[in-house]
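Please examine the sequence and the model shown below.

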Amino acid sequence: HHPLRVSLTPPHIYHFHQRNGFACVVLSDVLELVQFLFVVTFSTFLLCCVDYDVLFATRPLNHSHVPEHTKVTLPDAVLPAPQCARRLRGSGWLLFLLVLAGAVWLCRLVTALRRLVGYWEIRSFYIRALGIPAEELCNHSWQSVQARLLALQRRQPLCVPRRELTELDIHHRILRFRNYTVAMVNKSLLPVRFRLPLLGPVVFLTRGLQFNLELLLFRGPAALFQNTWSLRPQVKRAGARRALARGLARASVLLGVANLALCPCVLGWRLLLAFFSYAEGLKRAPGSLGARRWSLYARHYLRHFNELGHELQARLGRGHAPATKYMDSFSSPLLAVLARHVGFFAGSVLAVLIVLTVYDEDVLTVQHILTAITLLGLVVTVARSFIPDEHSVWCPEQLLQRVLAHVHYLPEHWQGHAGRAETRAEMAQLFQYKAVFILEELLSPIVTPLILIFAFPPRALDIVDFFRNFTVEVAGVGDICSFAQLDVRHHGNPQWLSEGHTEAPPERQAEHGKTELSLMRFALSNPRWRPPPPARRFLGHLQAQVTRDAATAPPPRHLLAEGPLAASLLSEDSALAPEGLVASVLAASGLVARDPRFGQPCSTASATASLLASLRNPLGACGAPDSPGEHQCPEESESRLRSLSRSALLAEVASAEMSLHAIYLHQV
């Protein structure tokens, strides 16, 4: 028997799977502890044990015994151990920092040992209860592990009171706190958006700020949750709302003051980590800082309710290439002219220096010549990034539709305005430069205390009301965010095809169609899940609407026939099934509408509906593993699909179908 102890809850089971088993967990934790020691030890060595006058040759090594032209070696620049120790003892602030670092390391060691015991129990649970040997864990998808968990629950109860768990219950327990955070970002409750003088609208959400907000709301001593599954009883009482809000605001101020006191230490640590992590890569590839990544705010704004971390990562990963192409489609003529000339000047000097070093390598011994070559190379690389490719021709509207197909959420006012600078600026808040990400993380120790002290307290009452109004208790699961129930009747938005299926007033509706889109994504990703009656009726209504719109579109075979041409216009790697379908849809309104075989124009919505209807099972992915034989994939792709594993097949088809649904719903 394997009772579900605290260390064997679904969140721990999921994270164990995502970290690839016990051996990877142990190795990762050990190396993180070693890395902490290395950074502290190496930094101390550089501060106390290196003679920089000798290293930089500003002082002779030995005036009496060493010839004038003897080279200085690294050991010559290292101070003897007694002298290094005297320097260390003579610096009180450095000793204090070392003691503080030692205390932090010991805390991390104790935490790692506690996790180690829990992960050993989870390893045994995987082997004995789920029948998955340690060496085969990497071969099992999370859907496979989840199916075994549900089968085990039917044989032996995993929760109290005794009830049958569903796929939605498992996701609720894994994502309990994350669903609250996603909902608060959706309702614009968290203090992460600001309007600053000169800078205008700014979004600021870093890992440090996220950690403090989670500590304040979910895990700290003054948090609204009393444990990992239930709110404090007074949070659910309307009469205690103001007292709770005052307590939450006071806790936020105290936490901000604590962050402010630790700011020098945390800022110094962040600078060290950033230097050790990015300095070598910056020298090797200066353009890497110009690469883009999804911001932490985007990972909350674009996340569906009940979407697991690996599912979100895969979806944003598929959207990275089209988002990069969309952002690259913008160029500033003024900056391009300036960059061409700056690049010419810097490149000319760099070329001369390179020729001189090739002719005589002694040129490298000239003081600062290597520094000049490195900086000039960096300037040339940065300048080239501002010069657009003269051979590229982009259509911003279709590029933005390709982004939408993968990320599923875009503000409504972007429709028809993809080429505007305002749209690009807002997109840059979601899809930021790596350099901006590093800068925000470095500024986080300074900005986070200010947000906690000044920006969070005025919103404390609204946040307390949110937790009271949008929390439901589910037997065997605990308190969860009501938005995560995917209840269209109570949280649907009539603008997103849920008119007649929702009773929600505007203040209880999720923004941007998040309830409807999250429901569709969950139904596609979990084909065995049985939705409750209101959700089932909404999905049936959506399927009927798709069928009606598909009747006005060309047959799917004509849309797919345009796929190669669409692929050549829209992407370089559209051979995959999801990309091919999306490319065909985006080309439909521009290409098929002009085909003389069709008398009326074809909208993007009707083209999408035509492809969705051709799948025969618009809200299921080519049949679940145990589905009847009539739900089969199209014959054209059978040979390719047979070469994929069952789990990979379901994930790929579900991804393509959800992309089509996202485009369709945004159009209608």
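The following account begins with the overall fold and then turns to selected residues.

This is a predicted model, in which local features need pLDDT of at least 70 and side-chain atom pairs count only at pLDDT 80 or more, whereas totals for chains, interfaces and linings use all residues. Residues are numbered from 1 along each chain as its sequence is written, and side-chain values use heavy atoms, with hydrogens and water left out.

The protein chain has 29 helices and six strands; helices (H or I, at least four residues) and strands (E, at least two) are DSSP runs, numbered from the N terminus. Of its 668 residues, 46% count as buried. Here buried means under 20% relative accessible area, exposed means over 50%, and partly exposed lies in between, for a 1.4 Å probe and protein chains only. Among contacts with a separation of 6 or more, 74% join residues 24 or more positions apart, a contact being heavy atoms within 4.5 Å.

An unreviewed UniProt entry lists residues 21-47, 93-113, 251-279 and 334-356 under "transmembrane region". UniProt positions are given in the numbering used here, feature names are shortened, and annotations may be inferred rather than shown by experiment. In the model, residues 251-279 are 97% helix and 0% strand, with end C-alpha atoms 38 Å apart. Residues 334-356 are 100% helix and 0% strand, and their end C-alpha atoms are 34 Å apart.

The next topic is helix packing. Two packed helices are described by the angle between their axes and the distance between the axes. Helix α1 (residues 10-18) and helix α7 (residues 142-155) pack at an angle of about 145°, with their axes 11 Å apart. The axes are lines fitted to C-alpha atoms, for helices over the stretch in contact, and angles run from 0 to 180 degrees between N-to-C directions. On the side of α1 the contact is made by I13, Y14, H17 and Q18, and on the side of α7 by W142, V145 and L149. These residues divide into five nonpolar, two polar and no charged. In this division Ala, Val, Leu, Ile, Met, Phe, Trp, Tyr, Cys and Pro count as nonpolar, Asp, Glu, Lys and Arg as charged, and the others, Gly among them, as polar.

Helix α2 (residues 22-48) contains T44. What relative accessible area does T44 have? The value is 14%, so T44 counts as buried. A polar atom of the T44 side chain lies 2.8 Å from the backbone oxygen of V40. Leaving aside neighbours within four places in sequence, T44 is in contact with C49, L88 and L98.

F276, in helix α12 (residues 263-284), is partly exposed because its relative accessibility is 28%. Not counting residues up to four places away in sequence, F276 touches V39, F42 and S43. F276 and V39 are 237 residues apart in sequence, yet their C-alpha atoms are 8.3 Å apart in space.

Two further pairs also link separated parts of the sequence. A321 belongs to helix α14 (residues 309-328) and, at 35% relative accessibility, counts as partly exposed. The C-alpha atoms of A321 and R402 are separated by 9.6 Å, although the residues are 81 residues apart along the chain. V477 is found in the loop between β5 (471-474) and β6, and its relative accessibility of 5% is why it counts as buried. From V477 to W229 the C-alpha distance is 7.3 Å, across 248 residues in sequence.

Most residues other than glycine have a negative phi, and most peptide bonds are trans. S188 is not a glycine, yet has a positive phi of about 55°. S188 lies in the loop between α9 (176-186) and β1 (193-196). Is S188 buried or exposed? With a relative accessible area of 52%, S188 is exposed. L486, also a residue other than glycine, has a positive phi near 55°. The loop that holds L486 runs between β6 (478-481) and α21 (488-491). At 1% relative accessibility, L486 counts as buried.

How values were computed
Polar contact = N/O pair within 3.5 Å; in protein donor to acceptor, adjacent residues only side chain to side chain.
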